[in-house]
Amino acid sequence: EAVAARYRLHFKPALMRPADYEKLMATMKAAFIGQGKEGIVKARAAEDRLMRDTWMQEGYDLLPKLQRLRIPTLVISGDHDFFPPEIAGHIARAIPKAQLVMLKNCGHFAYLESAGEVRNALDDFFRHSRPSRN
């Protein structure tokens, strides 16, 4: 129950619509129950490692790596993401020839909150990023 309560606080600002938030929380709580204490410990270890290997590193800067990407890239963000929309724009501008799609009325988990729009953006992206066969 304590872990579920922690994630309720953690993810509350991530989803715009209450129904999507409640659905995610129910799914996560069921996973915690199904996986038991070992699953919770494993999830926390993954989160801790991600923080340790990124934000906690002095001089951590992803932009130089993004600027070296030479593959078609699609950046999808929601206009109600807890990361400001300017961040998604900054990432898209850093990647040569990247395309940015900003979804309306969508939070951080676009694939959950706006699945149809994400699918349409991906279909359009792949349709236009394929090399010519001529």
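**Entry 1: strand pairing**

I looked up the pairing of the strands first. In this predicted model, strand E1 (residues 74-78) and strand E2 (residues 99-103) pair in the parallel sense over five bridges; pairing requires that DSSP finds at least two bridges between two strands. Helices (H or I, at least four residues) and strands (E, at least two) are DSSP runs, numbered from the N terminus. Between E1 and E2 the chain passes through helix H4 (residues 85-94), and this β-α-β crossover is right-handed. The term right-handed means that, with the strands pointing away from the viewer, the path from the first strand over the helix to the second runs clockwise. For Val-75, I find Leu-100 as the bridge partner in E2. Four of the five residues of E1 are buried (under 20% relative accessible area; exposed is over 50%, partly exposed in between; 1.4 Å probe, protein chains only).

**Entry 2: conventions**

I note that residues are numbered from 1 along each chain as its sequence is written. Local features need pLDDT of at least 70 and side-chain atom pairs count only at pLDDT 80 or more, while totals for chains, interfaces and linings use all residues; side-chain values use heavy atoms, with hydrogens and water left out.

**Entry 3: aromatic pairs**

I searched the whole structure for aromatic pairs and found five. Rings of Phe, Tyr and Trp (its six-membered ring) pair if their centres lie within 6.5 Å; planes under 30 degrees apart count as stacked, over 60 as edge-to-face and the rest as tilted. One of the pairs is Phe-11 with Phe-109, which is tilted, with ring centres 5.5 Å apart and planes at 50 degrees. Phe-11 lies in helix H1 (residues 2-11) and Phe-109 in the loop between E2 and helix H5 (110-113), so the pair ties together parts that are 98 residues apart in sequence. Phe-11 is buried at 14% relative accessible area, and Phe-109 is buried at 13%. Phe-109 also pairs with Tyr-111: their centres are 6.0 Å apart and their planes at 90 degrees, so this pair is edge-to-face. Tyr-111 is exposed, at 55% relative accessibility. I record Phe-11, Phe-109 and Tyr-111 as one aromatic cluster.

**Entry 4: salt bridges**

I counted six salt bridges, each defined as a side-chain nitrogen of Lys or Arg within 4 Å of a carboxyl oxygen of Asp or Glu. Glu-47 and Arg-6 form one of them, at 3.4 Å from N to O. Glu-47 belongs to helix H2 and Arg-6 to helix H1, so this contact ties together parts 41 residues apart in sequence. Glu-47 is partly exposed at 25%, as is Arg-6 at 31%. A network of salt bridges links Arg-6, Arg-44, Glu-47 and Asp-48.

Glu-22 and Arg-8 meet in a salt bridge at 2.8 Å, N to O. Glu-22 lies in H2 and Arg-8 in H1, so the parts tied together are 14 residues apart in sequence. Within H2, Asp-53 and Arg-49 are four residues apart, about one helical turn, and their side chains form a salt bridge at 3.2 Å, N to O. Asp-53 is partly exposed at 38%, whereas Arg-49 is exposed at 54%.

**Entry 5: surface patch**

I lastly looked up a nonpolar surface patch: Met-51, Trp-55, Met-56, Tyr-60 and Leu-62 together have about 560 Å² of accessible area, by the Shrake-Rupley method with a 1.4 Å probe, where only the protein chains shown count as cover for residues. Patches are made of residues with over 30% relative accessible area and no salt bridge, with like charges joined within 9 Å and nonpolar side chains (Val, Leu, Ile, Met, Phe, Trp, Tyr) within 5 Å. Trp-55 lies in the loop between helix H2 (18-53) and helix H3 (63-67) and is exposed, with a relative accessible area of 60%.
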